[in-house]
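Biologist: I have not looked at this one before. Please take me through it step by step.

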Amino acid sequence: MSHLTANLTALQLHVAFWDYNNDSIITPIEIYRGFRDLGFCIPFSLGGLLINIFFSYPTTLGHSWLPDPLFRIYTDSIHKAKHGSDTGVYSSDGSLRLMLFDEVFEKMDSSSAEVPTRIDNITRLETDRREPSLGVGDLFRLHAKNRVAADPAGWSFAAMEWWTTWLLLQREGRLWKEDLRSIYDGTLFWRIREEREKNGQRRQGYGWQDWLGGLWNNGTWKTWEIRHKDRVKVEAEKEL
């Protein structure tokens with residue numbers, strides 16, 4: 001696989017997972033199949049076909065002025081589908097701007113992970129800046145910060161992308177930097193499919209059980225952050 005991706009940009013690597021036959025074209029069937037392989041339900045995967053509807057023509061412009069009647073996406077010109085009101089982590093040619101990626105967490109991470117740290121034989125909770133992450137509130141602020149005037153399409157696409165990322169990635173109520181980094185270059189998608197093929201399921205993400213559990217317990221998105229903090233406190237108390 002490495003020889004096929006050696007000369008691809010980060011944005012091309014991001015979408016390569018959906019190119020099942022490596023022909024630089026992503027069909028609606030491949031979009032549906034990709035979301036199913038990632039563990040999304042049938043209705044959500046069918047909703048993923050909106051990607052072809054909205055992004056087929058921009059990528060077709062790299063080959064023709066005429067729209068593709070089959071709504072195919074051409075990965076060699078995927079950078080033409082880059083929309084406004086985003087983080088700017090992808091450049092205009094699809095390269096990854098790591099400085100801007102780091103800046104997202106530096107500016108938007110309202111609270112880092114709390115881990116038990118032992119100092120002078122006393123276990124206590126301390127802020128660990130080595131584990132940057134984004135909560136739902138941080139994502140709302142990030143989306144609001146990136147919105148530019150007269151760009152409702154960009155606002156909508158950005159919101160859908162962050163929503164999908166949350167459903168796929170959230171762990172303890174947050175998106176973790178290393179997980180998000182591996183989404184930008186697409187490596188996470190391959191890892192998720194491998195985990196699902198090997199174990200039949202994946203324990204990360206936000207599924208129907210989480211949603212129903214939240215309703216049953218009158219919980220919200222904060223439930224996972226609270227659960228994480230409670231568990232850390234219990235572990236710290238055990239070491240005392």
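Biologist: Is I53 buried, partly exposed or exposed?

Modeller: This is a predicted model, in which local features need pLDDT of at least 70, side-chain atom pairs count only at pLDDT 80 or more, and totals for chains, interfaces and linings use all residues. Residues are numbered from 1 along each chain as its sequence is written, and side-chain values use heavy atoms, with hydrogens and water left out. Buried means under 20% relative accessible area, exposed over 50%, and partly exposed in between (1.4 Å probe, protein chains only). I53 has a relative accessible area of 48%, so I53 is partly exposed.

Biologist: In the salt bridge of K107 and E103, what is the class of K107?

Modeller: The side chains of K107 and E103 meet at 3.4 Å, N to O. E103 is partly exposed, with a relative accessible area of 31%. At 53% relative accessibility, K107 counts as exposed.

Biologist: Which class does D185 fall into, buried or exposed?

Modeller: D185 forms a salt bridge with R181 (2.8 Å, N to O). R181 counts as partly exposed at 25% relative accessibility. The relative accessible area of D185 is 18%, so D185 is buried.

Technical notes. Salt bridge = Lys/Arg side-chain N within 4 Å of Asp/Glu carboxyl O.
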